[in-house]
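Reader: Hi, could you walk me through this one? I'd like to go through the strands, the core and the disulfides.

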Amino acid sequence: MTSRLNRLAVALLATALTTLGLTVANPAPASAAMTICYNTSQAGSYASVANQAATIWNNATVNLTLTANCGSNLRIYRITGGGSYAVRTSLGNGRVYIDTQQAAQYSVLRIMTHEIGHILGLPDNYNGNCSLLMSGGSAGTSCTNPYPSSAEASRVSSLFAGTFSATDRSADIFRDSWPSTLTPVS
């Protein structure tokens, strides 16, 4: 128990320093998981979906644990209109916005898991292949697969296996992976 608490404390410290923009090596052994605290206070009815998506990522990856409401590395919001999207401020940090209108058309669990994938470092892959989580809405409304492929999970695990560097800090906005009948607001 003490060992797990020590790893958690080290992971939280490393996350806090990374959030402040400091480049740090992960002082924990490679087998220790980095904890990403996600906040669902603004997710409304999608809070339980966020918990399911976190479980999917936790089961698919190593070096990473998503934990609910222990902090705010990742904030999840429920919005109406404009499309679902993610804003990554640095690796493991950012905001996910789930659009209720798109969630009525597509699998909300697939949307949530996909958008969290952006926060975890994955880009979109618009190839229409339902077996790839990051293909997003290009796989169509009938695709309900919320699971990352082994290659997607492996990529996330490798991103969290070593050090965080300045290149991990670039802010990215991932939009338009969930086509809707709405015209995005500029």
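Author: Happy to. A quick convention to start: two strands pair if DSSP finds at least two bridges between them, and strands (E, at least two residues) and helices (H or I, at least four) are DSSP runs numbered from the N terminus. This is a predicted model, where local features need pLDDT of at least 70, side-chain atom pairs count only at pLDDT 80 or more, and totals for chains, interfaces and linings use all residues. Residues are numbered from 1 along each chain as its sequence is written, and side-chain values use heavy atoms, with hydrogens and water left out.

Reader: Thanks! How many bridges join β4 to β5, and do they run parallel or antiparallel?

Author: Strand β4 (residues 85-90) and β5 are antiparallel, joined by 5 bridges. Within that pairing, A86 has V96 of β5 as its bridge partner.

Reader: And what happens at the turn of that hairpin, at G92?

Author: The hairpin of β4 and β5 has 2 residues between the strands, and G92 takes a positive phi near 85° there.

Reader: Which sense does β5 take with β3?

Author: Parallel: strand β3 (residues 74-79) pairs with β5 over 6 bridges. I79 stands opposite D99 of β5.

Reader: Is β5 mostly covered or exposed?

Author: Mostly covered, as 6 of the 7 residues in β5 (residues 93-99) are buried. Buried means under 20% relative accessible area, exposed over 50%, and partly exposed in between, using a 1.4 Å probe and protein chains only.

Reader: Nice. On to the core: which residues have the most contacts inside the largest one?

Author: L66, M112 and I116 have the most contacts inside the largest nonpolar core, which has 34 residues. Such a core is a set of buried Ala, Val, Leu, Ile, Met, Phe, Trp, Tyr and Cys residues joined through side-chain atoms within 4.5 Å. Elements giving two or more residues to this core include β1 (34-42), α2 (47-60), β2 (64-68) and α4 (108-119). Of the elements, α2 gives the most, with 7 residues.

Reader: What does I116 touch?

Author: Leaving aside residues up to four places away in sequence, I116 touches A53, W57, L66, L74, I76 and V96. A contact here means heavy atoms within 4.5 Å.

Reader: Switching topic, how many disulfides are there?

Author: A search of the whole structure finds 2, a disulfide being a pair of cysteine sulfur atoms within 2.5 Å. In one of them, the sulfur atoms of C37 and C70 are 2.0 Å apart. C37 sits in strand β1 and C70 in the loop between β2 and β3, so this pair ties together parts 33 residues apart in sequence.

Reader: Why is the C37 and C70 disulfide called left-handed?

Author: Because the torsion about its S-S bond is about -105°. C37 counts as buried, at 2% relative accessibility, while C70 counts as partly exposed, at 42%.

Reader: And what about C130 and C143?

Author: A disulfide joins C130 to C143, with 2.0 Å from S to S. With 85° about the S-S bond, that link is right-handed. C130 is partly exposed at 29%, and C143 is buried at 3%.

Reader: Last one: where does pLDDT stay under 50?

Author: Over residues 1-31 and over residues 180-186. pLDDT is the predictor's confidence in each residue, from 0 to 100. The chain averages 79, and 69% of the residues score at least 70. Where pLDDT is low, the predicted coordinates should not be read in detail.
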